[in-house]
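Me: Could you take me through this one by question and answer? I'd like to have the sequence and the model in view before we start.

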Amino acid sequence: MRKVNVFFALLLGTMIGFTSCSEDDELTPEELEAKQTEELLGTITSNFDEITSKQWTLKEFQPSDDMVAASETENGAVAQTRINDAEHAKNFNMVLSFAANGDLLKPGIAMNVPDEELESKVLTYLNEPWGFELFTSLTEGELNSYLAQFRRVIAAPLAADDLNTDDITSEETGLCVFNIEMRDFSQMSYDDVVLAQKQLIEGNNDKIYMNEDGTLTVETTSVEYGVSKLILEEVTE
């Protein structure tokens, strides 16, 4: 009896697979491409929704080889600053989340440290290159400006490529001030959707994708240094 059941199970699977193939065989090339595109767009939308429904924290920054090499030269101040900013950003326990803003999504980055510790963490960052306590206090405006700088470590790679610094975070409040939406793939051919499927954010040509271990990679490209990567991990508590 068990052998008979196995035989019929195999036969049924073969028939289902044959039926599916037969249905596709009946489609014109245009209809088949449209079907494949629709299926891929469904997967892309699910990926975008999954990413933006979760909260994320910075695990590590992986600078490009060119950025690392530049940071080790006499004229590498910009590269050094980007690497240092990312390293110090982890001290603020920043958590990225997304909130609905009409038809758009507004990224928000919370700093999960007591308010009284924010200034001391920024001062540590400012004094580190000097090796002694050169800066001892900050005005509220100065503090918010530096908090905006650290938030941009995570925020800037998510923003549209044509946004300026002030369009991403506010120097006055230190908070994120931009919105995002999923890229419009509707006018693309199937081949173009395949190539662009990890470029999830409208106006942003960098790739964003989930990894097998559950972390999230957000690529960030600069003309000078090429592609660097932010690795974010999900906040589950």
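Predicted model: local features only at pLDDT ≥ 70, side-chain atom pairs only at ≥ 80, totals over all residues.

Me: At what angle do helix α5 (residues 115-127) and α6 pack?

Reply: Residues are numbered from 1 along each chain as its sequence is written, and side-chain values use heavy atoms, with hydrogens and water left out. Axes are lines fitted to C-alpha atoms, for helices over the stretch in contact, and angles run from 0 to 180 degrees between N-to-C directions. The axes of α5 and α6 lie 10 Å apart, and the angle is about 75°.

Me: How are α5 and α6 oriented to each other?

Reply: Angles under 35 degrees count as roughly parallel, over 145 as roughly antiparallel, 65 to 115 as roughly perpendicular and the rest as oblique. The angle here is about 75°. The two helices, α5 and α6, are therefore roughly perpendicular.

Me: Which residues of α6 make the contact with α5?

Reply: Contact means heavy atoms within 4.5 Å. On the α5 side, Leu118, Glu119, Val122, Tyr125 and Leu126 take part. Their partners on α6 are Leu143, Tyr146, Leu147, Gln149 and Phe150.

Me: How many residues of the contact of α5 with α6 are nonpolar?

Reply: Ala, Val, Leu, Ile, Met, Phe, Trp, Tyr, Cys and Pro count as nonpolar, Asp, Glu, Lys and Arg as charged, and the others, Gly among them, as polar. One residue of this contact is polar and one is charged, and the nonpolar ones number eight.

Me: How is α4 oriented to α6?

Reply: α4 and α6 have axes 9 Å apart and pack at about 95°. That angle makes α4, relative to α6, roughly perpendicular.

Me: Which residues of α6 make the contact with α4?

Reply: By class, this contact of α4 with α6 has four nonpolar, two polar and one charged residues. From α4 come Asp85, Ala86, His88 and Ala89, and from α6 come Gln149, Phe150 and Val153.

Me: What does helix α6 (residues 140-155) reach from its first C-alpha to its last?

Reply: Helices (H or I, at least four residues) and strands (E, at least two) are DSSP runs, numbered from the N terminus. The expected span of a helix is 1.5 Å times one less than its number of residues. With 16 residues, α6 is expected to span 22 Å, and close to that, it reaches 21 Å.

Me: Is Asn144 buried or exposed?

Reply: Asn144 sits in helix α6 and, beyond its neighbours within four places in sequence, is in contact with Ser170, Glu171, Glu172, Thr173 and Gly174. Buried means under 20% relative accessible area, exposed over 50%, and partly exposed in between (1.4 Å probe, protein chains only). Since its relative accessibility is 13%, Asn144 counts as buried.

Me: How far apart in space are Leu40 and Tyr190?

Reply: Leu40 is in helix α2 (residues 29-52) and touches Tyr190, among others. The two residues are 150 apart in sequence, yet their C-alpha atoms are separated by 8.4 Å.
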